[in-house]
Amino acid sequence: MSAAGAAAPSPAAGESPGGTLLAARGLAKSFGPTTALHSASFDIDPGEMVAVMGASGSGKSTLLHCLGGIVRPDRGFILYQGRDLCAMPESARSGLRRSDFGFLFQSGGLVPELTCLENTALPLRLNGVGRRSAEARALERLESLGVAGTARQRPGEVSGGEGQRVSLARALITEPAILFADEPTGALDSLNEERVMRLLVDVVQRGSTAVVLVTHEARVAAYADREITVRDGMTRDLAAGAAG
Amino acid sequence: MSFAHTVLGLLENGPAHGYDIKRVYDEHFGLDRPLHYGQVYAALARLLKKGLIEVAGTEAGGGPERKRYAITDAGVTDLNSWLSTPEAPQQYLQSTLYTKVVLALLAGRPAADVLEVQRGAHLKTMRELTRRKAGGDLAEQLICDHALFHLEADLRWLELTAARLDELAEKVTT
């Protein structure tokens, strides 16, 4: 599947191919006088891992934030399972972010006052799952990622590698259709980087979770099925050799 | 890398036949290219001539005689010297890629495309190595990591050069 194509300004003109989980066309986004995205396109299938590469300031994080429904683009559209994310009211987008999307960031973003178990269970609690049930599932998830030992500890009491695995557990607790990972190993040493990436690959291979992996590190991008490059706010698919 | 020194190193564990040396070598180092027996016996002949190994015994069997080789004191000294001498860091000052980029700029060709195509090829190889690493044992993982880190260094150079292409064009064409 190609990540790039001619920019199409409306969903009607850009029917995504069958099976595509999320498709974006002609995304543009400016922050004041700064253009972060100029014309970006993107496709991802269920269970696929796509790396988004680019230099600092190229627009790759803005692309991820648009695709994940965190930021609304100025132009273009994003179809998720046939629905245009850009046309949804904020409440619906927020609902999607809680139920269908998972997020993993470089800093981890764990709540320092909560234990690792409570942090992991948090998305389920926000979705209305009872405490006991949420924490039982959270513990299972921590166990599967090899960090059950951190359950009663607070984020400040665990190592960087463990903390990032707890963050991954939290991101996956709702079994999202897409995991958006922004430089997930940026703060880790090589060994922990490899651990986290292997776990991510394992998650993709075992289930149908797709992963959008933003990274500037080629070694990390090499875990993905394919990669696209963002340069000057435009996407480029190396395999297809086309700008989107 | 000196192949003869590798053979010498394998013999430090105890006397062995040429067949055993090939088997152990292939197990540890022969991922892409298993050894030919000819390479083993040529290396053994060189080491014998230098006095770094000796024949420790000969066994007659159904086929040709099988010699067992053992490392000598001189061999141990030589091996020790080789192991403790750092390898010269490679300097890549005659990079083919740099030559291609400069030639493209001189000819007014799209030099950025040269870098982009190479970047794609590097990433493809890195993906293959990463998959291979996932299915391999620790030895294979470490060998793949070594290759991955080197390819990554190349990629960083490709990205830096792409970012400075205008500057380079001005320098080589004026």
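Modeller: Start with a cut-off: buried means under 20% relative accessible area. Keep in mind that this is a predicted model.

Biologist: Why is A:A28 called buried?

Modeller: The relative accessible area of A:A28 is 9%. The cut-off is under 20%, so A:A28 counts as buried.

Biologist: What makes A:L37 and A:H38 contacts of A:A28?

Modeller: Contact means heavy atoms within 4.5 Å. Beyond its neighbours within four places in sequence, A:A28 meets that limit with A:L37, A:H38, A:P73, A:D74 and A:R75. For A:A28 and A:H38, 10 residues apart along the chain, the C-alpha atoms are separated by 4.7 Å. A:A28 itself sits in strand 1 of chain A, residues 22-31.

Biologist: How much of chain A is buried?

Modeller: Of the 244 residues in chain A, 56% are buried. The chain holds seven helices and 11 strands.

Biologist: Now chain B. How do you know that strand 2 and strand 3 of chain B pair?

Modeller: Pairing needs at least two bridges. Strand 2 and strand 3 of chain B have six, so they pair, in the antiparallel sense. Within chain B, B:E54 stands opposite B:A70 of strand 3.

Biologist: What is the strand order in the open sheet of chain B?

Modeller: The order is 1-3-2, with antiparallel pairing.

Biologist: What makes strand 1 (16-17) and strand 2 (53-59) of chain B edge strands?

Modeller: Each pairs on one side only. Helix 3 of chain B, residues 37-49, packs on this sheet and touches strand 2 and strand 3.

Key:
Residues numbered from 1 in each chain as written. Chains lettered and ligands numbered in written order. Predicted model: local features only at pLDDT ≥ 70, side-chain atom pairs only at ≥ 80, totals over all residues. Heavy atoms only, no water. Helix = DSSP H or I, 4+ residues; strand = E, 2+ residues; numbered from the N terminus. Axes fitted to C-alpha atoms, helices over the stretch in contact; angles between N-to-C directions. Buried < 20%, exposed > 50% of the residue type's maximum accessible area, 1.4 Å probe, protein only.
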